Amino acid sequence: MIGMKCMVVLVVVAVAAADTSSHPTFGARHPKPVHHHPQPSYGHEPAEPACAANTTKPWCLEDSEYPLYDIKAAIHYHFTKVIDLYADVADLSTELSVERPKTLDEETYLCPSVTAYVRPLRAINTDGKWRVIVNNVESHYKTLTQTTRVEECLTAGDACPLVPECHESSCLQKSIYHRFLVYDPYDQYFPFNVETFKLPASCACLLGASTLDH
């Protein structure tokens, strides 16, 4: 009987010791649990915007998904820096560039072409990526627009129609590199930048090894 009582006492002591070790002592300091907050993940633009389905050109003049209100808010927040960038591209001539003829009246049109002054909302840059272009956006009583002249050959690769058939010729599409102020919705710090775009500039007539520009 005494042996049984001793066994019971030992069991009680063991349970009490285990209970004490599994719970913190009152007043003792223990490290606070560390909570790991997941970092925000930023998406990426689709390889091709929806507006690209409605055009065969590397730019969109209409865009139902154009983030106008987001651009306005971002410009309002970064107004001074954005205006500095905009001033850099707005000074570019909308009709002529350094690679184009000085006077359009002196050009000789040997190949049929179509000319337009456009304000693209999206376009493919020289890296082959679609970009949102800041256009027709009002902020602080100022409207930011970017217009450029494009000229596309209607018969690129065909013989020049005004050149006698005895001469080998072909219509050649020429391009220029134009800079646009763009908006990147996935840049969390400063969502604006100036990027380069390749655009059709003129339609030339290639005669053997020589080229006649318009």
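Q: Is Phe 197 buried or exposed, and what is its relative accessible area?
A: This is a predicted model, where local features need pLDDT of at least 70, side-chain atom pairs count only at pLDDT 80 or more, and totals for chains, interfaces and linings use all residues. Residues are numbered from 1 along each chain as its sequence is written, and side-chain values use heavy atoms, with hydrogens and water left out. Buried means under 20% relative accessible area, exposed over 50%, partly exposed in between (1.4 Å probe, protein chains only). Phe 197 is buried, at 0%.

Q: Which kind of aromatic pair do Phe 180 and Phe 197 form?
A: Rings of Phe, Tyr and Trp (its six-membered ring) pair if their centres lie within 6.5 Å; planes under 30 degrees apart are stacked, over 60 edge-to-face, the rest tilted. The count comes to three aromatic pairs. For Phe 180 and Phe 197, the centres are 5.4 Å apart and the planes 65° apart, so the pair is edge-to-face.

Q: How many residues apart in sequence are the parts that this pair ties together?
A: Strands (E, at least two residues) and helices (H or I, at least four) are DSSP runs, numbered from the N terminus. Phe 180 lies in strand S8 (residues 169–183) and Phe 197 in strand S9 (residues 192–207). The separation is therefore 17 residues.

Q: Within what arc do the buried residues of helix H3 (residues 79–90) fall?
A: Val 82, Ile 83, Tyr 86 and Val 89 are the buried residues of H3. Seen down the axis, they line one face of the helix. The arc, taken from the directions from the helix axis to the C-beta atoms, is 125°.
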